[in-house]
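Hi everyone, thanks for coming.

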Amino acid sequence: MSKIVRLVREQVEVVVDASTGAPTILHWGAPLGEGSDMHADMVAMVSALDRPLVHGTFDAVAPVSVVPEHGSGFTGRPGVAGRRGGGRAWSPRFTTVSHSAVEHRLTVDAVDEAAGLALTTSIALGDVLTVSSTIENLGDRRYSLDGLTVTVPLPEFADELLTFSGRWAREFQPDRIDWRHGAHLIENRRGRTSHEDPPLLFAGPRGFGEWQGEVWGVHVAWSGNHQLVADRLADGRRYVQGGELLHSGEVVLEPGETYTTPDLVGVFSASGLTPATWGFHRAARSYRAHPDTPRPVLVNTWEAVYFDHDLDTLRSLASSAADLGVERFVLDDGWFGSRRNDSRGLGDWWVSEEVYPDGLRPLIDHVVGLGMEFGIWVEPEMVNPDSELHRAHPEWALVTDGYEPVLGRRQLVLDLAHPDAYDHIHRHLDALLRDHDISYVKWDMNRDHLQASGIDGAAGTHAQTLAVYRLLDELRTAHPEVEFESCASGGGRVDHEILRRVERVWTSDCNDALERQTIQRGASMLVPPEVMGCHIGPPTSHTTGRTQTLAFRAATALFGHLGIEWNITSLSDDERAALRAVVSLHKEYRGLFHGGDSVRFDTASEYCAHGVYAPDRSAGIVSFAQLTSAASLTPPPLRLPGLDLAASYRVEHLGLPMETRGPGRTRPHWMAEPGGVVLTGRQLAIHGIQPPSLHPESAVLFSLTRL
Ligand code: DGJ
């Protein structure tokens, strides 16, 4: 019993048996409380949960340890997959050597003498549960590691999963599934976190909601290939296992070498999904890269001009933006080398003389002179075959010799694990940042890895992912005043390891507000609002062709890191005034939008309701959107749980510029009243508030002020 370790926080507790080789999490969930004899309580818990031996299986019940072992009788996916020459040492079994618990972190060292492997496992409990493992080759011959993943058990009653799928311009689409027998597998071989299979899932008892039910969330913090498995064993036990997905031969440990898994990051709440996801947000807010200054409203040139870079147009775009109150101007793709369209020039990171004969300074000076910051787009991990870089160094492409590579957006990945390629790119980016007054870098990554081999011909995604992290780290150290954004064709690289290196993620290339309601809701389950790039695009969306009001586009973008991606040089006077009012509204409430607790509410699928509450519950802003038409023209009352139950709140309609009125012959009484209505937090949680009748693709905002 001396090896039972408790990690306790206010809302969550983890109890670990450190004696099982890799440690075993016995409990991850609600705090168990302070009994008079904690030792006795733990003895009782272990005894109470002892599993009987049954017919038809082994004479021991193998634990679901953090790195479960086939050789111990675990019948699911083992935590280690690997081998020495001839296939030996493929099924290690570890023995605990020592453990230490310092503050809220447990570290357990274990060894398998027969296999010549050591395993160090770390379990830390803060805003999130963070689990990782390191394997070391103690032998005198190489060890090929096919996989090292970490595992957390979940209760048998957690029988529903919430997972996410997506594609370009449609990220973070939620999917609820019954978690019956067997495994649900999320695998990603795209070399970036991916639109399609984000490494994130939640589990809970069937029907868990935003504010009810115990909920567990698990995320693999990694920006390369990953695997995340939710498995139910034949004996009923459930676990989630995650880590990096390694191609065959991708990681080979020479004697003395180690491999460390990505962090498996977990959150728990006893009261639903919304409070559970605050764990992810709080963790993100604690990362070194997380910004502590107000998020500047930006304008991005992409959907405004695409590749049509013209100094006068860009200057006028900047002037129009400054006039609206925009604070940062981001020059997107098209400023360098021969990059006049997306078929060439990637890799040639010098300012195009053709488009900018006097360099970038005339534009930067203009932008800075208007009181805005200047930001720039780069895609450092890529090269076009039609580029000077590729013509000079075809050997730097991350391809497999002897095969014609498949292009993606007519480009190849550049092998940043190749020291010369790395130095070249590092030198150019460093010079770009040193030679110009650049405050912000939008770092893009627009194609998947495919048959991506490094210098030695082995799979190279692992090394490439580490090289990208290193490049970002080194540039950040050298240019601490510069902020970075993670973009990968939109939200293809949104995860908690990249978040340690960037101030913002580009959530999606889709600026259609209808799509964005769902995309941002999904993304909000992993990242806090202030890092989530949300742009007001043109009235007719470039990615869907839908036309939406400014009020709906604004209501949707206001809650994140606001930007404008629209050619605002030709707005009507009314549009300009309305957009200026939106920017000013955002700035007025920016502290709340970006520092509060994101809240989401359960509604029928025709609606989307979410918002933000001040951490001390003194204020809030809620958005209620009508996505599609519904059976009734009157939406049901919206219940707002999670406020201070005993306090009184003034609820008021927060009007948006150019807001349309909707089909209702009247509006709810409280909306029509000056000063809104005063309700207690308890009333808001229990009966809520009646939204107006709305047209599809429109939204209203409500403000909440504690009296
Ligand atoms: C994909 C990004 O997601 C867009 O915002 C834009 O930067 C283009 N790449 C530029 O090529």
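**Helix pairs and a ligand**

Let's start with helix 9, residues 513–523, and helix 10, residues 550–557: these two pack at an angle of about 15°, and their axes are 9 Å apart. Before I go on, bear in mind that this is a predicted model. Why those two numbers? Because two packed helices are described by the angle between their axes and the distance between the axes. Angles under 35 degrees count as roughly parallel, so helix 9 and helix 10 are roughly parallel to each other. Their crossing is left-handed.

Now the other pair. Helix 7 covers residues 419–435 and helix 8 covers residues 461–478; their axes come within 11 Å and cross at roughly 30°. That makes helix 7 and helix 8 roughly parallel to each other too. And which hand does the crossing of helix 7 and helix 8 have? This one is right-handed.

Okay, on to the ligand. There are 13 residues around it, and the ones that come nearest are Asp 332, Asp 333, Lys 442, Asp 444 and Asp 509. If you sort the shell by class, you get six charged, four nonpolar and three polar residues.

Asn 446 puts a polar side-chain atom 3.4 Å from a ligand nitrogen atom. Then there's Trp 506, with an N or O atom of its side chain 3.5 Å from an oxygen atom of the ligand. On its own the ligand has 290 Å² of accessible area, and the protein covers 98% of that.

Terms used. Residues numbered from 1 in each chain as written. Predicted model: local features only at pLDDT ≥ 70, side-chain atom pairs only at ≥ 80, totals over all residues. Heavy atoms only, no water. Near = heavy atom within 4 Å. Polar contact = N/O pair within 3.5 Å; in protein donor to acceptor, adjacent residues only side chain to side chain. Areas by Shrake-Rupley, 256 points an atom, 1.4 Å probe, with all protein chains shown as cover. Nonpolar A, V, L, I, M, F, W, Y, C, P; charged D, E, K, R; others polar. Axes fitted to C-alpha atoms, helices over the stretch in contact; angles between N-to-C directions. Helix = DSSP H or I, 4+ residues; strand = E, 2+ residues; numbered from the N terminus. Parallel < 35°, antiparallel > 145°, perpendicular 65-115°, else oblique. Left-handed = near helix turned anticlockwise from the far one by under 90°.
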